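Student: I am new to this structure and would like to learn how to read it. Could we go through a few features together?

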Amino acid sequence: MTRELLQLSGVGKQYGKGSKAHRAVSDVSFSIYAGETFGLIGESGSGKSTLGKMVTGLDYPTEGTILYEGISLWNEKTYKRRKPGEVQIVFQDPQSSLDPRMSVQEIILEPLWALPAEERRQKGSKERLHALISRVGLKPEHLPRYPHEFSGGQRQRIAIARALITDPAFVILDEPTSALDVSVQAHVLNLLKELKRERGLTYLFISHNMSVIRYMCDRMAVMQKGRIVETGTVTDIFEHPQESYTQTLLSSLPSLHNNSYSPSL
Ligand SMILES: Nc1ncnc2c1ncn2[C@@H]1O[C@H](COP(=O)(O)OP(=O)(O)OP(=O)(O)O)[C@@H](O)[C@H]1O
């Protein structure tokens, strides 16, 4: 865990201007190293999703810099992502993040449109598509169907395939299991862990659930009101939380030192 993949320095985001100005993120700095899963935790409205969107390139910071492999993620002149497909995101609610008018095949292949034609052809081949959907637990006969025909867990598998079709190195998982039944949460989390191992992925894992963060992450940052209040290894933060806010988050957990821990608790 030595190569710095992503580096945030003094990142801030203000929505609106003047009397309508609202500060969602303030002075956020941390690095994520290749191969790790970095957790971001905080209560609702603390700025986690805004940060995730800025790292993905779906929104831009109003202050600070975000470097990916040492290069600004943004081309400041065009506000376009420099390397399309390299950083992908899976959202919390597959019900609203998957376009209901598109078939599963169209949804999964859509991110390839950002890539050059040759790469698009190669990454969108039938063999590759079928291998990917089978890996996430779907079947070829699902491809012509529409999102509403699937369960929440299946829809999140579609969203995961969509994120992986470009063969990204870095994936942001924004509350990927929060909208799912407890019984399917663990399956999706375990699938994400396996995919990370098989593909050498790096994750930014956003959650408001400490149990899930502990199950998934190597290091983590605690966010409160748009600021990072604590950063460290998951083990350190769980065993020696420094901030009272982190202690409050931890005190809501049922069994911190229970070895039979399961993410579905
Ligand atoms: N497009 C926007 N325009 C204006 N304000 C916004 C916008 N998006 C988010 N905000 C505000 O920024 C703050 C941070 O929101 P954000 O969604 O990043 O928090 P969060 O920690 O991800 O919350 P949750 O866990 O509920 O998703 C909130 O006060 C929110 O209302």
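Tutor: Gladly! Let us begin with helix axes: these are lines fitted to C-alpha atoms, and angles between them run from 0 to 180 degrees between N-to-C directions. Keep in mind that this is a predicted model.

Student: At what angle do the axes of helix H6 and helix H7 cross?

Tutor: Helix H6 (residues 152–164) and helix H7 (residues 182–199) cross at roughly 15°, with their axes coming within 10 Å. Angles under 35 degrees count as roughly parallel, so H6 is roughly parallel to H7. The crossing of this pair is right-handed.

Student: Which residues of H6 and H7 make the contact?

Tutor: From H6 come Gly-152, Gly-153, Gln-156 and Leu-164, while H7 brings Val-184, His-187, Val-188 and Leu-195. Sorted by class, the contact has 4 nonpolar and 4 polar residues, with no charged ones.

Student: Now the sheet. In what order do the 4 strands lie?

Tutor: In general, strands of a sheet pair through backbone hydrogen bonds, either parallel or antiparallel. Here the open sheet has the order E2-E1-E4-E5, and the pairing is antiparallel. Its edge strands, E2 (22–33) and E5 (71–72), each pair on one side only. Strand E4 (residues 63–68) is joined to E5 by 2 bridges, and Tyr-68 has Ile-71 of E5 as its bridge partner.

Student: Which elements have the lowest and the highest mean pLDDT?

Tutor: Strand E7 (residues 80–81) has the lowest, 59, and strand E3 (residues 37–41) the highest, 97. Over residues 255–261 the pLDDT is below 50. For the protein, the mean is 89, and 91% of residues reach 70 or more.

Notes: Residues numbered from 1 in each chain as written. Predicted model: local features only at pLDDT ≥ 70, side-chain atom pairs only at ≥ 80, totals over all residues. Parallel < 35°, antiparallel > 145°, perpendicular 65-115°, else oblique. Left-handed = near helix turned anticlockwise from the far one by under 90°. Contact = placed C-beta atoms within 7 Å. Nonpolar A, V, L, I, M, F, W, Y, C, P; charged D, E, K, R; others polar. Pairing = 2+ DSSP bridges. pLDDT = per-residue confidence, 0-100.
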